[in-house]
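These are my notes from one pass through the structure shown below.

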Amino acid sequence: MGERCLHNPVLLEEVLHFLNPTPGKIIIDATLGGGGHAEEIVRRICPGGMLIGMDRDSESLRLAHERLKGFQAAVKLVNKNFKDIRETILDLGIGEVDGILFDLGISSIQLDAKERGFGIKQNGPLDMRMDRNQRLTAKDLVNTLSEEELSSLIKDFGEERFYKRIARRIVTQREKGLIETTAELAEIVVRGMPRGRRWQRIHPATRTFQALRIKVNGELAAIEEALNAVPDLLKLGGRLCVISFHSLEDRIAKNMLKKFKSEGIFRILTKKPVTAGDAELSRNPRARSSKLRAGERTA
Ligand SMILES: C[S@@+](CC[C@H](N)C(=O)[O-])C[C@H]1O[C@@H](n2cnc3c(N)ncnc32)[C@H](O)[C@@H]1O
């Protein structure tokens, strides 16, 4: 679910290798987060380069702004959904760029802020909005979707085997009163699981939480829309890096790169997705599910 530490950008060396930021380059970080990747990129593109940082979460943007204060002249930050990446870059009067990074999902800053309602482990309101100006929250979904809708949501966006049982349990529980908090939902999901499945290496509600977060934020459609715009935005020889955190995101990145290759406009730089090595995993266990795919515009 894209959980990364503020000072620990995931697969950093690998991203730097593929993006190859050097002085004068223009790079878009479409998922700025706490600015971990951005800081290392901007160091390398100065002098003369420009980093455009996007995030739909204004709080993340504010934190990244602090972190990147020393590089103000080389940084432009925009509070936008990356699905609008093409218009955003045009509005800034920038033509083609040398590299684009997507580090998908949520950051540690978001995950660890219990009032944002992303985390299973700490109790907070069932919110899960990346953009807090949006209206729809996870609480709305959990309390208003029909059993069938919940069931398909948990199946399709959570890839959860026990989707029917969990949806049934949610609907039965909410008859007794609104489900309001992450702890209540986590408990309901656990009780919806068969007994033998209630203890797992990852929390048994992880997939259900993932499904709700994806739906609340319209994540998969945004990724597809943004990646579709990439070839128009990259210079010849420009590079794309996508870090995903679960199979639904990774599938979109993989298929999009394949499509660009079959259209004869891209070369794929990662035959297999690149994953974190032992050294990184021991420093940052949250990197365990990350996968990086990269490509280069060739025509
Ligand atoms: C995994 S974090 C990025 C962490 C960052 N690379 C770092 O090193 O600190 C993902 C960030 O992307 C943002 N994000 C996710 N989907 C987005 C979208 N559709 N448009 C803009 N930002 C998005 C989230 O709000 C979050 O801050």
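**Ground rules**

I note that this is a predicted model, in which local features need pLDDT of at least 70 and side-chain atom pairs count only at pLDDT 80 or more, while totals for chains, interfaces and linings use all residues. Residues are numbered from 1 along each chain as its sequence is written.

**Domains**

I then checked the domain assignment, which gives domain 1 (12-109 + 219-297) and domain 2 (114-217). The bounds come from an automatic or database domain assignment. I find the C-alpha centres of domain 1 and domain 2 to be 29 Å apart. Eight residues from domain 1 and eight residues from domain 2 make the contact, where contact requires C-beta atoms, placed from the backbone, within 7 Å. On the side of domain 1 that touches domain 2, α11 (219-233) and α12 (247-262) each supply at least two residues. That side of domain 1 has three nonpolar, two polar and three charged residues. Helices (H or I, at least four residues) and strands (E, at least two) are DSSP runs, numbered from the N terminus.

**The sheet**

I traced seven strands in an open sheet with mixed pairing, in the order β3-β2-β1-β4-β5-β7-β6. Two strands pair if DSSP finds at least two bridges between them. β3 (75-78) and β6 (266-268) are the edge strands, each pairing on one side only. Neighbouring strands of this sheet are turned by 15 degrees against each other on average, direction ignored. Axes are lines fitted to C-alpha atoms, for helices over the stretch in contact, and angles run from 0 to 180 degrees between N-to-C directions.

I went through the pairs next. β1 and β2 run parallel and are joined by four bridges; Ile 27 stands opposite Leu 51 in β2. β4 (residues 97-103) and β5 (residues 234-244) are also parallel, over six bridges, and Phe 102 faces Val 242 in β5. β5 and β7 run antiparallel with six bridges, and there Cys 241 stands opposite Ala 294 in β7. β6 and β7 pair in the antiparallel sense over three bridges, with Ile 268 opposite Gly 295 in β7.

Which strands are covered? β2 is largely enclosed by the rest of the structure, because five of its five residues are buried. Buried means 20 or more other C-beta atoms within 10 Å of the residue's own, exposed means 12 or fewer, and partly exposed lies in between, with C-beta atoms placed from the backbone. Met 50, Ile 52 and Met 54 are buried on one side of β2, and Leu 51 and Gly 53 on the other. In β7, six of the seven residues are buried. Helix α1 (residues 12-19) lies across β1 (26-29), β4, β5 and β7 (291-297), and runs at about 165 degrees to β5.

Most residues other than glycine have a negative phi, and most peptide bonds are trans. I listed the exceptions that I looked up. The peptide bond joining Cys 46 and Pro 47 is cis, with omega about 0 degrees; Pro 47 sits in the loop between α2 (36-45) and β2 (50-54).

Met 128, not a glycine, has a positive phi near 70 degrees. I place Met 128 in the loop between α5 (108-112) and α6 (138-144). Is Met 128 buried or exposed? Met 128 counts as buried because 25 C-beta neighbours lie inside 10 Å.

Glu 159 also has a positive phi, of about 45 degrees, and belongs to the loop between α7 (147-158) and α8 (163-174). Glu 159 is partly exposed, since 14 other C-beta atoms lie within 10 Å.

Notes:
Contact = placed C-beta atoms within 7 Å. Nonpolar A, V, L, I, M, F, W, Y, C, P; charged D, E, K, R; others polar.
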